[in-house]
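The following note sets out several points for a student to check against the structure. Please read each one with the model in view.

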Amino acid sequence: MIKTEGLRKSFDKHTVFDGADITVEDGSVCGLIGINGAGKSTLLRILSGVMRQDGGNVSIDGMPVYDNRAVKSNVFFLPDDPYYDSNFNVKRLRELYEAFYDLDKEKYEKYIKLFHLPVDKPIRNFSKGMRRQAFIAVAFACKAKYIFLDEAFDGLDPLCRMEFKRGIIECKERGTTVVISSHSLRELEDICDSFILIDRSTVKQCGALVDALEKIFKLQFAFGDDQEFTRERLPFEVLRLSKIGKVITVVAHGNSNDAIERIKELSPLFVEEIQMDFEDMFIEEVQSRGYLDYDKGE
Amino acid sequence: MKKYFVYELKKSLFVMCILAVLTAAIYEVSILTSAEDILEWGSRRMPTDSIVAIGGALSVIIPIWKLEYLMKKRSVDLYYSLPLSHTCILAVKFSVGLIVLFSSFTVAYWVGSFTAMATFGALLNNVNFVLMYFAMLIPMAVIYSMTSFIFTRANRFVDGIAFVIMTGMSLGTVVEVISQFMGVYRVTLFFTPFGAMSLISWYFLGNFFKNISSAVDVSFMQWVGMITVALLGIAAAIGLFFSERVAKAENCEQLSESYFGYKTMIPLYTFSLALLGTLNSYLLTVLVAGAAYAVSTLYKRTAKIGWKFGVKVGIAFIVGVGFSFMI
């Protein structure tokens with residue numbers, strides 16, 4: 001299990017985490033989401049022992065991570081821009097990781113073939129997506145119990161994304177815990193069973209994805225009268241309200257059925273629930289805090 | 001760790017071979033082109049300068065090559081996340097670098113020495129090649145260790161190179177300034193790692209172990225210089241590993257704020273060179289001021305070097321020029 005308690009991390013005067021508590025259960029696939037600069041990559045670097053936290057506890061299987069060989073032998077970290085020597089080809093890349101991990105050579109070769117990666121060509125001459133494919137092959141073959149992937153889908157074509165997601169699900173079935181940071185929330189929704197939302201130096205939400213999606217809803221409705229509609233007229237607290245013509249859209253936390261009943265009491269022309277996905281949820285959560293909100297900006 | 005050591009060694013074999021062949025060729029050429037001098041003067045003209053230069057250059061280039069992984073965010077991400085402690089990774093890189101250094105130097109040294117022995121025979125009877133070989137490994141290890149420590153004080157590759165260049169001559173520069181004040185015999189060279197190395201090769205060339213009276217050739221101050229440099233080498237190795245334990249990955253590619261680098265070296269050189277330059281020509285005084293500003297912009301990575309640091313360098317410059325009039 002991955003656990004952080006009161007995690008604090010700053011870069012000079014910029015605070016990235018100020019008391020973040022995170023729990024990721026074993027065998028889960030966890031999506032790490034947040035706006036640009038929220039601290040996703042920093043969190044993954046702390047979890048993989050690249051960086052040391054300034055305060056709080058960071059543990060994997062109950063042991064501290066930083067500079068702990070026992071823990072790190074179970075961890076594989078794939079950064080957004082992974083390092084390779086200029087003369088590396090896929091064979092030499094494998095040799096590097098073989099020096100540290102009990103690499104499954106057959107699985108590695110399988111993915112190299114699956115992605116049609118040239119064996120003798122230097123990795124420096126690969127496209128961005130091809131480089132990522134080579135490192136994904138390492139990630140799946142290294143038998144690590146914890147895999148941390150930063151900007152996981154970056155540069156991958158749709159077919160590779162599919163194979164990548166299939167690979168992650170296979171990892172999960174073997175009991176591997178995968179933490180993936182990405183802005184491709186629709187892709188994450190396909191594979192993640194939990195998520196961590198980082199915003200403004202802390203963890204805003206953390207837990208099961210299904211539960212979180214059940215706790216937020218989006219409704220559309222309209223009233224016949226022409227008077228100005230304000231959020232105060234609604235009998236529940238809304239995260240976000242927008243109005244186009246007479247059609248009002250609200251996003252709120254809670255039970256959607258209760259909210260529909262309460263709106264019906266106000267005699268609307270119509271009221272309906274709109275299905276929300278992970279991306280909608282993310283957008284609503286961060287926009288409700290004022291991020292890139294043009295209305296509020298004005 | 002053993003697996004990684006073997007991997008790192010295998011990975012370095014190719015470079016080791018290239019360096020060995022290249023340096024052996026350079027030494028060989030330098031011996032053969034000195035044939036006339038050797039035939040005329042014997043061991044007194046044995047061209048040790050080239051092997052000293054080769055050993056010195058290798059001792060600087062190899063640690064930079066091996067430790068540059070600490071200067072890039074991407075490689076820090078890789079090496080710090082791998083299942084080995086940061087110190088273990090450094091220890092492997094450091095020791096493999098030392099093996100590459102000694103191996104390539106050994107090939108160059110003995111290829112050259114055997115050629116010299118075969119070509120000039122009895123003329124070089126008083127050269128103790130074996131002792132000279134072992135004696136040169138020591139200053140090379142010292143330079144290697146000092147370069148490793150100084151280079152890794154920087155957060156960026158370019159800064160690391162600048163730190164190595166600046167600190168390599170810093171002790172010698174200070175000694176030169178003191179020498180000017182005291183009006184004593186110039187011993188500056190022996191307070192630089194390369195000078196100490198050169199001195200050792202020259203020392204053993206003179207058949208010291210066959211004729212103990214050669215010992216008088218090395219003055220007290222030269223001994224002090226060599227011992228100081230050797231102690232600095234040991235301290236550097238200890239410092240290298242100690243500092244790696246507390247190193248922060250996030251500092252990588254940031255401004256290099258170590259006191260072993262720009263922060264201290266720019267004011268030190270500004271003071272010393274303003275003093276020494278003004279003694280010779282006012283044109284040099286102006287050049288020193290320009291150079292101080294140029295290096296400061298390299299440090300701050302902007303033309304605006306900041307008033308605090310600017311004042312510090314300015315004071316060093318004025319004091320340096322002022323002191324020159326006292327000599």
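1. A residue counts as buried if 20 or more other C-beta atoms lie within 10 Å of its own, as exposed if 12 or fewer do, and as partly exposed in between. The model discussed here is predicted. A:D61 has 14 C-beta neighbours inside 10 Å and therefore counts as partly exposed. This residue lies in the loop between β4 (55-60) and β5 (63-64) of chain A. Its phi is positive, at about 55°, although A:D61 is not a glycine.

2. Most residues other than glycine have a negative phi. Chain B also has an exception: B:R301, which is not a glycine, takes a positive phi of about 60°. Where is B:R301 found? B:R301 belongs to the loop between α11 (282-300) and α12 (307-324) of chain B. Because 13 other C-beta atoms lie within 10 Å, B:R301 is partly exposed.

3. Just after α5(B) comes B:G121, with a positive phi of about 45°.

4. In chain A, strand β13 (residues 247-253) pairs with strand β11 (residues 216-222) through seven bridges, and the two run antiparallel. Within this pairing, A:F221 stands opposite A:I248. Strand β13(A) also pairs with β12 (residues 238-244) of chain A, in the antiparallel sense, over six bridges. Here A:R240 has A:V251 as its bridge partner. The hairpin of β12(A) and β13(A) has two residues between the strands, and A:G245 in this hairpin takes a positive phi near 65°.

5. Chain A also contains an open sheet of six strands in the order β6-β7-β8-β3-β9-β10, with mixed pairing. Its edge strands are β6 (75-78) and β10 (202-208), each of which pairs on one side only. From one strand to the next, the twist averages 15°. Strand β6(A) runs parallel to β7 (residues 146-149) of chain A, joined by four bridges; A:V75 stands opposite A:Y146 in β7(A).

6. How many residues of chain A are in contact with chain B? There are 20, and they meet 18 residues of chain B. On the chain A side, the elements that give two or more residues are α2 (69-72) and α3 (90-98). The residues of this side divide into 10 nonpolar, three polar and seven charged.

Conventions. Residues numbered from 1 in each chain as written. Chains lettered and ligands numbered in written order. Predicted model: local features only at pLDDT ≥ 70, side-chain atom pairs only at ≥ 80, totals over all residues. Pairing = 2+ DSSP bridges. Axes fitted to C-alpha atoms, helices over the stretch in contact; angles between N-to-C directions. Contact = placed C-beta atoms within 7 Å. Nonpolar A, V, L, I, M, F, W, Y, C, P; charged D, E, K, R; others polar.
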